[in-house]
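Open the structure in your viewer and keep the selection tool at hand. This tour goes stop by stop, saying what to select and what is there.

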Amino acid sequence: TGLVGLSCALWGAEVCLSDLPDVTALLHFNVALNRARGLTLDVQVIPHEWGTDLPPDLNKSLDVVVMADLVYDVEASRQLLVTLIALAAAHHQLQFVMAFRPRNLEDPEFFRELSKHFDLAPQRSSGVYG
């Protein structure tokens with residue numbers, strides 16, 4: 001949990017990792033584990049349930065939201081969309097980057113809804129799931 005964000009932090013990014021409140025303990029553990037190995041990481045962990053009001057710490061300046069493997073449950077995806085719209089409203093220059101692997105027949109509906117609010121620029125992967 002938090003692998004993509006921790007990787008960004010290793011490259012020098014100021015990172016805010018967020019997940020469900022019951023998962024943030026694992027995020028804290030992974031951050032601490034990397035710091036214990038002598039890595040300098042500018043990482044903050046913030047609990048957040050998609051579809052709810054943004055926590056104050058997510059209202060600070062954000063440049064890029066990097067998401068990996070988030071579209072896996074139809075209802076959760078609807079709530080993710082609500083959160084992405086709220087983030088974009090709070091940060092007008094915000095960019096989103098999402099890695100995605102199809103899992104459900106309903107996945108295209110998420111992207112149709114997403115395209116009503118955002119300009120999408122899909123890229124095909126040349127990786128394992130390509």
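Begin with the salt bridges: the count comes to 4. The rule asks for a side-chain nitrogen of Lys or Arg within 4 Å of a carboxyl oxygen of Asp or Glu. This is a predicted model, where local features need pLDDT of at least 70, side-chain atom pairs count only at pLDDT 80 or more, and totals for chains, interfaces and linings use all residues. Residues are numbered from 1 along each chain as its sequence is written, and side-chain values use heavy atoms, leaving out hydrogens and water.

**Salt bridges**

Select E75 and R78. Their side chains form a salt bridge, 3.0 Å from N to O. Both residues lie in helix α3, 3 residues apart, about one turn of the helix. Helices here are DSSP runs (H or I, at least four residues), numbered from the N terminus. E75 is partly exposed at 42% relative accessibility. R78 is partly exposed too, at 48%. The scale is this: buried is under 20% relative accessible area, exposed is over 50%, and partly exposed lies in between (1.4 Å probe, protein chains only).

Go to helix α4, residues 107-115. Select E109 and R112, a salt bridge with its closest N and O atoms 3.1 Å apart. They also sit 3 residues apart, about one turn of the helix. E109 has 36% relative accessibility, and R112 has 47%.

Now pick K116 and E113. This salt bridge spans 2.8 Å, N to O. Is K116 buried or exposed? At 60% relative accessibility, K116 counts as exposed. E113 is partly exposed, at 24%.

**A buried serine**

Return to helix α3, residues 74-90, and select S77. S77 counts as buried because its relative accessibility is 5%. Beyond residues up to four places away in sequence, S77 touches V71, Y72 and F110. Contact means heavy atoms within 4.5 Å.

How many disulfides does a search of the whole structure find? The search finds 0. A disulfide needs a pair of cysteine sulfur atoms within 2.5 Å. The closest cysteine sulfur to that of C8 is in C16, 12 Å away, so it is too far for a bond. C8 is partly exposed at 27% relative accessibility, and C16 is partly exposed at 23%.

**Last stop**

Select V4, in helix α1, residues 3-10. V4 is partly exposed, at 34% relative accessibility.

Notes: Helices (H or I, at least four residues) and strands (E, at least two) are DSSP runs, numbered from the N terminus.
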